[in-house]
Amino acid sequence: MTPSQPLDGIKVLDLGQIYNGPYCSLLLAHMGADVVKVEPPFGEPLRSRVESGEPPEIVMLNSSKDAITLNLAEERGTELLKDLVEETDVLVENYAVGTMEKLGIDYETLSSVNPELIYAHGSGFGDTGPRSDMLAMDLVVQATGGVMDATGFPDDTPVKTGIAPGDFLGGTHLAAGVLGALFQRERTGEGQYVEASMYESVFPALLSQLAAAYKETDVPPRTGNHHSSLAKAPYNAYETQDGYVTILCASDDHWETLLEVMGRTDLIDDDRFETNVKRVDHMDEVDRVIGEWTADRDRQAIEDRLVDAGVPAGAVQTIEEVLQDPHLSERGMAPEVSHPDFEDGIRVFGSPIHFSDAPEPDVEPAPRKGEDTSDILKDRLGLSADAIVELDEQGIL
């Protein structure tokens, strides 16, 4: 029997935009779901980042999906969406709270069309609560959610992280909710509304800072490259000849091994460094000792030596180096695909989720905007070629 993907046969309509919703549906696509990306005729907001062609973000977030355009501001457009929903398992969207109600395609309406529908809504702050009406791009969530207060160096201004944690953590949690709802539908036969907010999704990631607050320590909210609650030493990024390398010791054994590798066994019996708690009390001295050793060495050579010795360490890689990392390639996480807008190919996102009884997904290049509109409307709704041309002329497609 040929192994199948976990979500083979599941049909998904992806009305997601920017990062949050599209990443949720990308995870579902990698698990075998048949995902159709639905955009307005003028395209989703990500398309405004380039003057023409396909933005890299669009290509990287929409692999293995089909694509159609529908003008949901027109009644005929919403009627077509409802027709598609009749045979759809999951609908994903991350519009602002209340938008879908205004368009007449909210959960209550669509569930009356298909009671088995799983309706997944990604939001900034959730459907209820004092902040529910706030427009929430990732920066806003980082600001209000404590992420900026926790990022940066002591006595410096708060800064955003270099990544988009709200969007991607929110999208991941939303995908988990979809899987839970699909599992429950197997037992009840009924669909349901699933919601995951970016704000709530980043909250658990503040664990170390929250722990410091409960311990009533004098740990500053921003600790730079040190441990978030200053509970570990060493734990830092150290300068090398060609960049930086991170080194941390999760146990006293790690510390002794590190000293042996550095040729500083004279410090093994030093009372200042005997335990992690004592090392934290003498953190600056710990950093000085390690920094003197790393300063005239190559970052990759340091990583190799410490990894071989069993000490947690990793060279700080550039974005370009991460993109070409052979580890990601071997794991199928950064497959290179051909695409008309990228002559030399483009690396896209593979699946970070792996199953023992399912093959790794074949990653197909993202479609161009609305590329599959005619085929989807013909195959799923039985519309004729003339009817599709008429819809296009009316501005519905």
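Helices (H or I, at least four residues) and strands (E, at least two) are DSSP runs, numbered from the N terminus. The structure is a predicted model, in which local features need pLDDT of at least 70 and side-chain atom pairs count only at pLDDT 80 or more, while totals for chains, interfaces and linings use all residues. Residues are numbered from 1 along each chain as its sequence is written, and side-chain values use heavy atoms, with hydrogens and water left out.

**Pockets**

- A pocket is an open set of points on a 1 Å grid over the protein atoms alone, where a 1.4 Å probe fits, with protein on both sides within 12 Å along at least five of seven lines; lining residues have an atom within 4 Å of a point.
- The largest pocket has a volume of about 810 Å³, a volume being the space filled by probe spheres set on the points, which are joined across faces, edges and corners.
- Its lining has 27 residues, of which A150, T151, T161, G224 and N225 are the closest to the centre.
- α9 (207–214), β7 (235–240) and β8 (243–248) each supply at least two residues of this lining.
- The second largest pocket holds about 530 Å³ of space.
- Among the 18 residues lining the second largest pocket, Y19, I163, A164, F168 and F349 are the closest to its centre.
- α2 gives the largest share of that lining, four residues.

**Nonpolar core**

- A nonpolar core is a set of buried Ala, Val, Leu, Ile, Met, Phe, Trp, Tyr and Cys residues joined through side-chain atoms within 4.5 Å; buried means under 20% relative accessible area, exposed over 50%, and partly exposed in between (1.4 Å probe, protein chains only).
- The largest core has 29 residues, and V12, L28, V90 and V92 touch the most other members.
- α1 (20–30) is among the elements that give two or more residues to this core, and α1 gives the most, with six residues.

**Aromatic pairs**

- Rings of Phe, Tyr and Trp (its six-membered ring) pair if their centres lie within 6.5 Å; planes under 30 degrees apart count as stacked, over 60 as edge-to-face and the rest as tilted.
- By this rule there are seven aromatic pairs.
- Y19 and F168 form a tilted pair, 5.4 Å centre to centre with 35° between the planes.
- Y19 lies in the loop between β1 (11–14) and α1 and F168 in helix α7, so this pair ties together parts that are 149 residues apart in sequence.
- Y19 counts as buried at 18% relative accessibility, whereas F168 counts as partly exposed at 25%.
- Ring pairs link Y19, Y23 and F168 into a cluster.
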